[in-house]
Amino acid sequence: MEKIKKVEFDSLAISLYRNIDKTDYDEILVFQKGSKFYAIPFLSNMYFDFWNFKNETEKSKFANTNTTFEKELNNSALQLNLSADEKQQIFIQLITSILNTEDMLEKKPELFNDFVLWSPRKSKYKDEEGNNCLERTSKLYKQIVEDRKNGIRPSYILDKENGRVYKLFNDSKNVNEYILRIETYRVDCFTTLYEM
């Protein structure tokens, strides 16, 4: 595994490792607090159950992982004994600093009204129709608009490199507590790329 990026703040650190040979996992996230570490796989979009996509129309053709990204993030906080402030800090830093993301999408939902992010088709999947991909992102647009209308204020973050949008919010009613909820939306579209 090759270390791609590391972000440190106070006693916390997050590192992103990439498997150049792409065997098992493409990438791994490593969370650190002092001398304690917690690693989670950062799987591709092929693992639908891991990401628990909210707008998915395809059926997964890859083996189940029996866990989710949200569960693993919450387990990391538990294992590293993170405080509410540390949890919020590490999750925000993860999404904004370790990954090349664009945030504040809740202020510009129009981005998804007519949005398709083409990605190479994986061997197990057929080409997706552009209209199906547009319909999926259009649902995301409507969700963001609905949240705004109802006064719900989650953070929507676009991870263009991985073809995902993360919806992050604190599920706790207590101001001294941080219970991460994360919903993930797939915004890439499987297609066969032809060269001329």
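What you see is a predicted model, in which local features need pLDDT of at least 70, side-chain atom pairs count only at pLDDT 80 or more, and totals for chains, interfaces and linings use all residues. Residues are numbered from 1 along each chain as its sequence is written, and side-chain values use heavy atoms, with hydrogens and water left out.

Let's start with charges. Side chains of opposite charge can pair when their charged atoms come close. We call such a pair a salt bridge when a side-chain nitrogen of Lys or Arg is within 4 Å of a carboxyl oxygen of Asp or Glu. Count them up by this rule and you get twelve salt bridges.

Take a look at R186, which makes a salt bridge with E56, with 2.7 Å between the closest N and O atoms. R186 sits in strand 8 (residues 180-186), while E56 is in the loop between helix 1 (48-51) and helix 2 (69-79), so this pair ties together parts that are 130 residues apart in sequence. Helices (H or I, at least four residues) and strands (E, at least two) are DSSP runs, numbered from the N terminus. Both R186 and E56 are buried, where buried means under 20% relative accessible area, exposed means over 50%, and partly exposed is in between (1.4 Å probe, protein chains only).

R186 also forms a salt bridge with E128, this time with the closest N and O atoms 2.9 Å apart. E128 lies in the loop between strand 5 (117-120) and helix 4 (130-149), so its pairing with R186 in strand 8 ties together parts that are 58 residues apart in sequence.

K149 counts as exposed because its relative accessibility is 64%, and E146 counts as partly exposed at 36%. Elsewhere, salt bridges that share partners join E56, E128, R136, R186 and D188 into one network.

How does helix 4 itself look? The expected span of a helix is 1.5 Å times one less than its number of residues, so the 20 residues of helix 4 should span 28 Å, and the 29 Å between its end C-alpha atoms agrees. Its buried residues are C133, R136, T137, S138, L140, I144 and D147. Those residues pack against strand 6 (155-159), strand 7 (164-170), strand 8 and strand 9 (188-191). After the helix comes G151, with a positive phi near 75°.

Next, the nonpolar cores. A nonpolar core is a set of buried Ala, Val, Leu, Ile, Met, Phe, Trp, Tyr and Cys residues joined through side-chain atoms within 4.5 Å. The largest one has 36 residues, and L29, F31, F69, L73, L94 and Y166 touch the most other members. Helix 3 (residues 84-98) gives the most to this core, with six residues. Another core, of eleven residues, lies apart from it and includes L105, F112, L158 and V187.

Finally, find N45 in the loop between strand 4 (36-42) and helix 1. N45 counts as buried because its relative accessibility is 3%. Its side chain reaches the backbone oxygen of G163 at 3.3 Å.

Key: Contact means heavy atoms within 4.5 Å. A polar contact is a pair of N or O atoms within 3.5 Å; within protein, one must be able to donate a hydrogen and the other to accept it, and residues adjacent in sequence count only if both atoms are side-chain atoms.
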